[in-house]
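I record here what I looked up in this structure, entry by entry.

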Amino acid sequence: VGDVVEKQGGECLAANGVADHVHILARLPPTRCLADAVRAIKATTSGRARRRHGLVHFAWQEGYAGFTVSRS
């Protein structure tokens with residue numbers, strides 16, 4: 001996930017997940033659309049899961065949620 005975020009011009013600050021979902025804390029440039037970044041993450045990671053790990057039936061859910069955070 002971190003590699004994909006970096007290729008989008010961002011920085012992956014944290015990524016973790018369980019069997020049915022993942023949380024990613026990332027810094028994206030203001031010029032990068034969140035939907036495009038998520039699309040790239042889903043496409044790349046699902047392809048890797050199938051090829052590298054043999055997870056033939058792996059698929060992401062259709063939607064996602066995005067939130068903004070600040071240090072305060």
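**Entry: A65.** I looked up the exposure of A65 and noted that A65 counts as exposed at 59% relative accessibility. The cut-offs I applied are under 20% relative accessible area for buried, over 50% for exposed, and partly exposed in between, with a 1.4 Å probe and protein chains only. I placed A65 in the segment after α2. Helices here are DSSP runs of H or I of at least four residues, strands are runs of E of at least two, and both are numbered from the N terminus. I then took the C-alpha distance from A65 to L34, which is 10.0 Å at a sequence separation of 31 residues.

**Entry: basis of the values.** I note that this is a predicted model, in which local features need pLDDT of at least 70 and side-chain atom pairs count only at pLDDT 80 or more, while totals for chains, interfaces and linings use all residues. Residues are numbered from 1 along each chain as its sequence is written, and side-chain values use heavy atoms, with hydrogens and water left out.

**Entry: the chain as a whole.** I listed two helices and two strands for the protein chain, in the order α-β-β-α along the sequence. The C-alpha trace spans about 40 × 20 × 20 Å along its principal axes. Of the 72 residues, 19% count as buried. For the contacts (heavy atoms within 4.5 Å), I took those with a separation of 6 or more and found that 29% of them join residues 24 or more positions apart.

**Entry: surface and charge.** I computed an accessible surface of about 5800 Å² for the protein chain, and 53% of that area belongs to carbon and sulfur atoms. The method is Shrake-Rupley with a 1.4 Å probe; for residues, only the protein chains shown count as cover. I counted 10 positive and 6 negative side chains, with the centres of the two sets 4 Å apart. Lys and Arg count as positive and Asp and Glu as negative, whereas His and the chain ends are not counted. Each charge is placed at NZ of Lys, CZ of Arg, CG of Asp or CD of Glu.

**Entry: helix α2.** I checked the length of α2: its 20 residues reach 27 Å from the first C-alpha to the last, close to the 28 Å expected at 1.5 Å a residue. The expected span is 1.5 Å times one less than the number of residues. Among the buried residues of α2 I noted A37, V38, I41 and A49. The cover over the buried residues of α2 includes α1 (2–7) and β2 (21–27). After α2 comes G54, with a positive phi near 65 degrees.

**Entry: S46.** I located S46 in helix α2 and found S46 buried, at a relative accessible area of 10%. Leaving out residues up to four places away in sequence, S46 touches F58 and W60.

Entry: F58 belongs to the segment after α2 (34–53). With the same exclusion of residues up to four places away in sequence, F58 touches S46, A49 and R50. The C-alpha atoms of F58 and S46 are 6.5 Å apart, and the two residues are twelve apart in sequence. F58 counts as partly exposed at 25% relative accessibility, and W60 is partly exposed with a relative accessible area of 30%.

How many aromatic pairs does the structure hold? I found one aromatic pair. The ring centres of F58 and W60 lie 5.6 Å apart and the planes stand at 85 degrees, so I recorded the pair as edge-to-face. Rings of Phe, Tyr and Trp (its six-membered ring) pair if their centres lie within 6.5 Å; planes under 30 degrees apart count as stacked, over 60 as edge-to-face and the rest as tilted.
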